[in-house]
Amino acid sequence: MSSSLLHALHLRLIWFYCMWAATVPVTVLLRRRLVQRGSAALPLAPALSPPSPKYMSTKGAPLVRSAEMLRKCRSGTSDIDLTRFVAAAKQFDEVMAPFGLYSKVMVLATREQLEYLQKAPAAARSTARALLLHEKASGKHTRRPQELVDGSPAIALLWMRRGFEFWLGTFEQHVSRPRSFSEECWRGYLATSAKFNGWMMRKLAAANHKLAPPWETICARGLCSEVQLKAQLKAWCAAVR
């Protein structure tokens with residue numbers, strides 16, 4: 001079994017989906033699956049080899065701190081410590097800050113999802129499994145087939161995972177084949193988040209894409225030095241994947 005953070009969170013979400021979807025008519029599930037298969041997306045960059053440890057010991061660097069915090073979110077073999085995950089999500093603001101106006105919407109979206117997570121009782125916020133068990137027991141996700149209720153802790157956790165998946169897809173683009181950040185983030189979006197967005201959200205994403213700054217500007221704003229950029233992005237991706 002993979003030891004990655006996203007894989008562990010993905011397993012929890014799949015488990016929740018399977019347990020909950022057991023009550024949905026099979027014909028509805030099949031019809032929805034056929035619709036989903038119509039979505040096309042670019043593949044993510046190939047999996048990365050482990051980074052050099054020296055790039056993980058640079059104190060104060062946002063990417064390094066983020067990688068360290070996300071790596072510590074694992075709980076057991078297939079669960080996530082939500083207290084640490086929330087702390088890592090809050091710290092990720094430091095990583096997104098150098099991207100300026102481009103990441104502003106994502107910062108606000110993350111903060112909104114964190115507020116939704118706080119709606120769950122404290123006892124249910126210990127791990128991802130505990131949260132999803134609580135959400136399933138609440139019975140509020142059975143109103144519409146295959147749809148989590150907007151504003152719920154479950155949908156918040158799902159979108160936070162998708163947010164990290166977007167950055168993973170974007171950063172891996174740079175590690176595997178460096179281009180301009182503008183091109184990398186757009187390819188990352190098409191490979192990850194685009195399939196979950198409707199026509200309007202795709203248009204808004206395209207408009208926001210025009211605000212993407214060059215890597216030189218991002219590094220100058222404090223992400224890391226240009227010399228260390230590729231190595232630190234690789235280290236972050238390895239910690240998350």
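Reply: Helices (H or I, at least four residues) and strands (E, at least two) are DSSP runs, numbered from the N terminus. This is a predicted model, in which local features need pLDDT of at least 70 and side-chain atom pairs count only at pLDDT 80 or more, while totals for chains, interfaces and linings use all residues. Residues are numbered from 1 along each chain as its sequence is written, and side-chain values use heavy atoms, with hydrogens and water left out.

Me: Which helix supplies the largest share of the lining of the second largest pocket?

Reply: On a 1 Å grid over the protein atoms alone, a pocket is an open set of points where a 1.4 Å probe fits, with protein on both sides within 12 Å along at least five of seven lines; lining residues have an atom within 4 Å of a point. Helices α4 (82-96), α5 (101-117), α7 (153-176), α8 (181-191) and α9 (199-209) each give at least two residues to this lining. The largest share, seven residues, comes from α7.

Me: How much space lies in the second largest pocket?

Reply: Grid points are joined across faces, edges and corners, and a volume is the space filled by probe spheres set on the points. For the second largest pocket, this comes to about 750 Å³.

Me: Which residues of the lining are the closest to the centre of that pocket?

Reply: The lining has 19 nonpolar, seven polar and one charged residues. Here Ala, Val, Leu, Ile, Met, Phe, Trp, Tyr, Cys and Pro count as nonpolar, Asp, Glu, Lys and Arg as charged, and the others, Gly among them, as polar. Of the 27 lining residues, the closest to the centre are Val105, Met106, Ala109, Trp159 and Ser193.

Me: Are α8 and α9 roughly parallel or roughly antiparallel?

Reply: Axes are lines fitted to C-alpha atoms, for helices over the stretch in contact, and angles run from 0 to 180 degrees between N-to-C directions. The angle between α8 and α9 is about 165 degrees, and their axes lie 10 Å apart. Angles under 35 degrees count as roughly parallel, over 145 as roughly antiparallel, 65 to 115 as roughly perpendicular and the rest as oblique. The pair α8 and α9 is therefore roughly antiparallel.

Me: What is the orientation of α3 relative to α11?

Reply: Helix α3 (residues 62-71) packs against helix α11 (residues 229-240) at about 15 degrees, with axes 9 Å apart. So α3 and α11 are roughly parallel.

Me: Which residues of α4 make the contact with α3?

Reply: α3 and α4 pack at about 165 degrees with axes 9 Å apart, which means that α3 is roughly antiparallel to α4. Contact means heavy atoms within 4.5 Å. From α3 come Pro62, Leu63, Arg65, Ser66, Met69 and Leu70, and from α4 come Ala87, Ala88, Gln91, Phe92, Glu94 and Val95.
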